[in-house]
Amino acid sequence: TSLHFVTLLGSLRKASFNAAVARALPDLAPEGVMVSPLGSIRDFPHYDADEQDKGFPAPVLQMAEQIAAADGLIIVTPEYNYSVPGTLKNAIDWLSRLSPQPLAGKPVAIQTASPGMIGGARAQYHLRQSLVFLDAFVLNRPEVMIGQCAQKINPDTLELTDAGTREFLTRQMGALAVLARKLRS
Ligand code: FNR
């Protein structure tokens, strides 16, 4: 049976490297896996429990539905100040308040890209921590931390050109597919 993964992007920047990685995924998906992007987290308001009491914002509800319907989630995000970008954390905070909570039991893979050497590794472990509380099943390995990403993405076309990275992304999605199928059965 085929699987459907959705991607959640942690950068709002137009020329985002992480967006370039996320855009590459549909073409790199292994046999039997379809990948499509979720809506932007740009339109999520700042989390406020008083606002939540009046009703969840439409973009939050829409994303939650798409995540709930998907077989797996791939979070592609930059690292900010050794951690998760505030906008992404804000989106996770909103999603976490829904019932049913859409990340519970969901297979999740994390990908980070950075022009630096470490490739966003430190953000990954903060993100994992929040996902533990949400009871998601975060893929252990392989970990996709794309360091020196400016050399792997064409600055004009914003296309992920690095062959090794492309192959690695396919491998991680294959591992996520194995996890998703295991959890399904
Ligand atoms: C950064 N950047 C960064 N990079 C990194 O590897 N570790 C870090 O802790 C940080 N911290 C950080 C904080 C803030 C506020 C900004 C704006 C940037 C650099 C970051 O990796 C770079 O700007 C990427 O290009 C951001 O990803 P997108 O937007 O290109 O996907």
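In the predicted model, the axes of helix α1 (residues 17-28) and helix α6 (residues 163-184) come within 10 Å and cross at roughly 70 degrees, where axes are lines fitted to C-alpha atoms, for helices over the stretch in contact, and angles run from 0 to 180 degrees between N-to-C directions. Helix α1 is therefore roughly perpendicular to α6, a term that covers angles of 65 to 115 degrees. Helices here are DSSP runs (H or I, at least four residues), as are strands (E, at least two), numbered from the N terminus. The contact involves Ala24, Leu25 and Leu28 of α1 together with Arg166, Leu169, Thr170 and Met173 of α6, two residues being in contact if their C-beta atoms, placed from the backbone, lie within 7 Å. Of these residues, five are nonpolar, one is polar and one is charged; Ala, Val, Leu, Ile, Met, Phe, Trp, Tyr, Cys and Pro count as nonpolar, Asp, Glu, Lys and Arg as charged, and the others, Gly among them, as polar.

Asp135 lies in the loop between α5 (121-133) and β5 (137-138), and it counts as exposed because it has 11 C-beta neighbours inside 10 Å, the cut-off for exposed being 12 or fewer. When neighbours within four places in sequence are left aside, Asp135 is in contact with Ala104 and Gly105.

Residues are numbered from 1 along each chain as its sequence is written. Because the model is predicted, local features need pLDDT of at least 70 and side-chain atom pairs count only at pLDDT 80 or more, whereas totals for chains, interfaces and linings use all residues.

Note on methods. Angles under 35 degrees count as roughly parallel, over 145 as roughly antiparallel, 65 to 115 as roughly perpendicular and the rest as oblique. A residue is buried if 20 or more other C-beta atoms lie within 10 Å of its own, exposed if 12 or fewer, and partly exposed in between; C-beta atoms are placed from the backbone.
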